[in-house]
Amino acid sequence: NNPNTLEQIPDPPETHVHGRLFQIQRSLLQKDYDLAMENIQPLVEANDPLAQDAYVTLLYMQEDYTKALEIWEKVGNIRLIERAAQELLNSSKPEIALLGLRTLYRVDPDKYTISLAHTLMTMGELDEALQIYQKSINEFPKSEFKYHWLRYSADIYRERREYDLAEATYMQALEVNPEDPRSWRNLGLMYAGDFKDYATAAGYFEKMVALDPSDPFGFYYLGTIYESAG
């Protein structure tokens, strides 16, 4: 069971049902990906399910991310797509990570709208992020995530200094969920930071505190506002 001993085990007979898979495993351990691919191709062509799984893993290890994700999407392996997207986001390959997030979004747009759009926001792709949020708002009007999509849309409007749209969209989010402290918070931050309207901002932060008195940041924002107002 110790993978470090694979190199010491003699080759199984060619007639062994999984002999070639063993050789592939050993090639992967030795990072001889070309040999592994050479051994696995006949099994893939024969539709061996174990070989299919190993083949996609090998594609991923060879950094053929597009093809690996296409196959995982085709067979509906959400778990591996999620793991790949997270690994790529944590690496120095955020652009490639978007491939995984876009795949997840195609498979289940309701569930993965925020993952894709928020990543686009952090990369400065505000227009595309906003388009994705608006598309989901229109297509899934009863989604449990709708108020989040509205709040993030409002954040983008604020970033673009479209303040009327930002305020209206925050209010739409609060119509869907009046008990969302983050919408009240973001309204307060906009009035405090962009308008210097400390009285209105304080009113929004007080709403935030009332909804979630265990969150110390609400009191922090209130204290900062009172200080700014003198």
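Start your tour of this predicted model by selecting residues 198-211, helix H12, together with residues 216-228, helix H13. These two helices pack at an angle of about 165 degrees, and their axes are 9 Å apart. Angles over 145 degrees count as roughly antiparallel, and H12 and H13 are therefore roughly antiparallel to each other. Their crossing is left-handed.

Now show the side chains where the pair meets. On H12, pick Tyr 198, Ala 201, Ala 202, Phe 205, Glu 206, Met 208 and Val 209. On H13, the partners are Phe 217, Gly 218, Phe 219, Tyr 221, Leu 222, Ile 225, Tyr 226 and Ser 228. What classes do the residues of this contact divide into? Colour them and you can find 12 nonpolar, two polar and one charged.

**Zoom out**

Show the whole protein as a cartoon.

**Helix H4 and the glycine after it**

Next, select residues 65-75, which form helix H4. Highlight Tyr 65, Ala 68, Leu 69 and Trp 72, which are buried. Turn the view until you look down the axis of H4: the buried residues fall within an arc of 95 degrees, so they line one face of the helix.

Step on to Gly 76, which follows H4 and has a positive phi, near 75 degrees. Gly 76 sits in the loop between H4 and helix H5, residues 78-90. Is Gly 76 buried, partly exposed or exposed? With a relative accessible area of 44%, Gly 76 is partly exposed. Try the distance tool from the C-alpha atom of Gly 76 to that of Val 107: the two are separated by 7.9 Å, although they lie 31 residues apart along the chain.

**Helices H6 and H7**

Val 107 leads you to another helix pair, since it belongs to the contact that H6 makes with H7. Select H6, residues 94-107, and H7, residues 109-122. They pack at an angle of about 155 degrees with axes 7 Å apart, and that makes H6 roughly antiparallel to H7. The crossing of H6 and H7 is left-handed.

From H6, the contact takes in Leu 98, Leu 101, Arg 102, Leu 104, Tyr 105, Arg 106 and Val 107. From H7 come Pro 109, Tyr 112, Thr 113, Ser 115, Leu 116, Thr 119 and Leu 120. By class, this contact has nine nonpolar, three polar and two charged residues.

Stay on Thr 119, in helix H7. Thr 119 is buried, with a relative accessible area of 12%. Setting aside residues up to four places away in sequence, Thr 119 touches Leu 89, Leu 98, Leu 101 and Ile 114.

**Last stop: Thr 169**

Finish in helix H10, residues 163-176, where you can find Thr 169. This threonine is buried, with a relative accessible area of 6%. Which residues is Thr 169 in contact with, leaving aside neighbours within four places in sequence? Show Leu 150, Ser 153, Ala 154 and Tyr 157 to see them.

Notes: Residues are numbered from 1 along each chain as its sequence is written. This is a predicted model: local features need pLDDT of at least 70, side-chain atom pairs count only at pLDDT 80 or more; totals for chains, interfaces and linings use all residues. Side-chain values use heavy atoms; hydrogens and water are left out. Axes are lines fitted to C-alpha atoms, for helices over the stretch in contact, and angles run from 0 to 180 degrees between N-to-C directions. Helices (H or I, at least four residues) and strands (E, at least two) are DSSP runs, numbered from the N terminus. Angles under 35 degrees count as roughly parallel, over 145 as roughly antiparallel, 65 to 115 as roughly perpendicular and the rest as oblique. A crossing is left-handed if the near helix is turned anticlockwise from the far one by less than a right angle, and right-handed if clockwise. Contact means heavy atoms within 4.5 Å. Ala, Val, Leu, Ile, Met, Phe, Trp, Tyr, Cys and Pro count as nonpolar, Asp, Glu, Lys and Arg as charged, and the others, Gly among them, as polar. Buried means under 20% relative accessible area, exposed over 50%, partly exposed in between (1.4 Å probe, protein chains only). The arc is that of the directions from the helix axis to the C-beta atoms.
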